Amino acid sequence: MPASVFSASPHRAGWHNYGLAVLSVGAIAAVGAPLLGHLDLANIAMLFPLAVLFSAVKLGRGPAVLAAFLSVALFDLFFVPPHFTLGVSDVQYLLTFAVLLLVALTTAELAARLRRQLEAAEQRERQTQALYGLARELSAALAVEQIDGHAKRFSREVFGCDGALWLPDAQNRLQPVASGCAAEAPPAALAVWLNGQAQRTSDGAGKPIRWLPLRAPMRVRGVLALSGEPAEPPPAPLLDAFSSLLAIALERLHYVAVARRTELEMESERLRNSLLAALSHDLRTPLTAIAGLADAVALTAPPLSSEQAELVAAIGAEAQRSSAQVAKLLEMARIESGGVRLRREWQPLEEVVGAALQARASLLGRHELAIDLPAELPLVDIDSVLFERVLCNLLENAAQYTPPGSRIEIRARADEDEIILQVGDNGLGLPPDRIDTLFAKFTRGHTESANGGFGLGLAIVQAVVAAHGGRVRGFNRATGGACFEIALPLGTAPALPQEAA
């Protein structure tokens with residue numbers, strides 16, 4: 001069994017200590033014998049508590065008590081007449097014996113108590129030093145294997161036990177760190193991990209195992225197994241401090257890994273946005289030129305044949321559509337790179353809705369529009385240009401994914417602290433299994449649809465609404481069709497100037 005730095009108990013007296021106590025009292029008697037006749041018996045009696053004090057300080061409480069009784073016996077035997085007998089000629093010596101015994105026992109108890117306090121203080125100091133060293137080593141650990149190594153060493157040197165860490169793997173299965181291979185966790189380890197309560201079990205050979213939860217501030221990070229029977233039970237506060245240091249070190253590694261992963265994701269996203277911005281900028285210029293050239297060819301003389309005019313018109317339409325999609329790519333890249341600053345102003349919502357309807361009038365010409373914007377709607381604090389783009393994207397989706405003649409509705413209402421804007425239709429509705437992912441970039445609601453697009457419209461909607469502190473969601477209406485709902489926080493609008501009477 002590994003030795004523990006706390007396993008030795010200095011205050012436990014063995015037969016060797018009792019023998020030393022007897023020798024110390026005998027030495028005092030030998031020193032006092034030549035002084036008999038030169039000193040009073042009271043002065044010689046005062047020498048014996050020295051042996052008791054030495055025994056209490058150096059040998060322990062038991063040898064000190066033995067030394068106290070032996071001192072009285074030797075004092076009576078060799079110094080009190082009649083000599084070499086335990087009898088006394090004067091009963092007053094009985095009082096001397098009682099006082100001597102009382103002083104010796106009191107001295108022994110006080111000295112033993114001080115010794116125990118000193119030993120306890122020294123043990124706490126050793127524990128503090130051991131924990132300090134462990135904390136310093138764990139603070140420099142960069143891998144789980146290093147933490148496991150420090151746990152093993154501390155368990156062996158401090159507790160005299162074999163320590164092992166059981167931590168959850170990527171599949172959230174509890175596995176031993178040291179083995180390096182999959183192993184089924186014992187039921188006690190799983191119970192400690194799930195419940196966070198320590199347990200004690202034993203292995204097949206009867207060897208006791210203490211299971212401790214590694215409870216970090218956020219969650220239980222794993223389980224520590226201490227196997228073996230130490231010479232002394234480990235103090236509960238020391239076990240708690242030990243497991244807490246391991247748990248905090250494991251949680252630190254976890255969040256370091258999360259921070260590194262997030263940093264890599266942010267860097268990847270930043271690089272992708274830069275590439276998208278560069279690519280979009282390079283594509284937009286030639287696409288705009290192609291659309292312009294198509295319009296110019298259609299107006300040149302001599303007039304084109306009907307087939308040629310139709311072909312040129314198709315080239316122009318495709319160029320404009322592609323240019324619009326590239327513009328969305330560029331806009332998404334600018335929003336995510338933080339290149340867009342909101343120019344918020346308090347303004348009525350119906351003006352923004354009207355501007356969006358006018359901008360998408362060509363797409364909405366074959367649909368029935370229903371607008372419900374109450375006159376008492378409060379002002380909203382928004383960037384009108386970006387919010388018009390939000391409404392344009394929602395109207396485009398409604399126009400593209402609903403058949404001609406279908407109904408597109410725009411309605412708004414004000415709640416206690418939000419203004420709710422809905423854009424709905426009575427078309428095919430949203431795919432039920434993909435509603436939660438519709439706002440992700442490059443995601444299209446109906447992949448089989450012939451309508452073009454990169455799937456960025458709803459992503460732009462969500463980014464702009466989030467920048468305004470709002471939220472957006474999509475759902476299927478009970479009466480059929482899809483609906484997108486935007487909730488914007490209501491602030492305190494500035495007071496309008498009063499008209500002169």
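Q: Which residues does S227 touch, leaving out those up to four places away in sequence?
A: In this predicted model, S227 touches C161, D162, K207, P208 and I209.

Q: Where does S227 lie?
A: In strand β5, residues 220-227.

Q: Buried or exposed?
A: S227 counts as buried because its relative accessibility is 18%, and the cut-off for buried is under 20%.

Q: Switching to α1. Which residues are buried there?
A: N17, A21, S24, V25, I28, A29 and G32. They cover an arc of only 135° around the axis, so they sit on the same side of α1.

Q: What covers them?
A: The cover includes α2 (41-45), α3 (48-59) and α4 (61-78).

Q: And which exposed residues are on the face turned away?
A: W15, H16, L23 and A30.

Q: Pockets next. What volume does the largest pocket have?
A: About 570 Å³. Its lining has 24 residues, with R284, A327, K328, E331 and R389 nearest the centre.

Q: Which element gives the most to that lining?
A: α9, with 12 residues. Elements giving two or more residues are α9 (306-336) and α12 (384-400).

Q: What classes of residue line the largest pocket?
A: The lining has 12 charged, 8 nonpolar and 4 polar residues.

Q: How about the second largest pocket, what lines it by class?
A: There the lining has 11 nonpolar, 5 charged and 2 polar residues. The space in the second largest pocket is about 460 Å³.

Q: Which residues lie nearest its centre?
A: V144, R221, L250, L253 and H254. The largest share of the lining, 8 residues, comes from α8.

Note on methods. Residues are numbered from 1 along each chain as its sequence is written. This is a predicted model: local features need pLDDT of at least 70, side-chain atom pairs count only at pLDDT 80 or more; totals for chains, interfaces and linings use all residues. Side-chain values use heavy atoms; hydrogens and water are left out. Buried means under 20% relative accessible area, exposed over 50%, partly exposed in between (1.4 Å probe, protein chains only). Helices (H or I, at least four residues) and strands (E, at least two) are DSSP runs, numbered from the N terminus. The arc is that of the directions from the helix axis to the C-beta atoms. Contact means heavy atoms within 4.5 Å. On a 1 Å grid over the protein atoms alone, a cavity is a set of points where a 1.4 Å probe fits but cannot get out, and a pocket is an open set with protein on both sides within 12 Å along at least five of seven lines; lining residues have an atom within 4 Å of a point. Grid points are joined across faces, edges and corners, and a volume is the space filled by probe spheres set on the points. Ala, Val, Leu, Ile, Met, Phe, Trp, Tyr, Cys and Pro count as nonpolar, Asp, Glu, Lys and Arg as charged, and the others, Gly among them, as polar.
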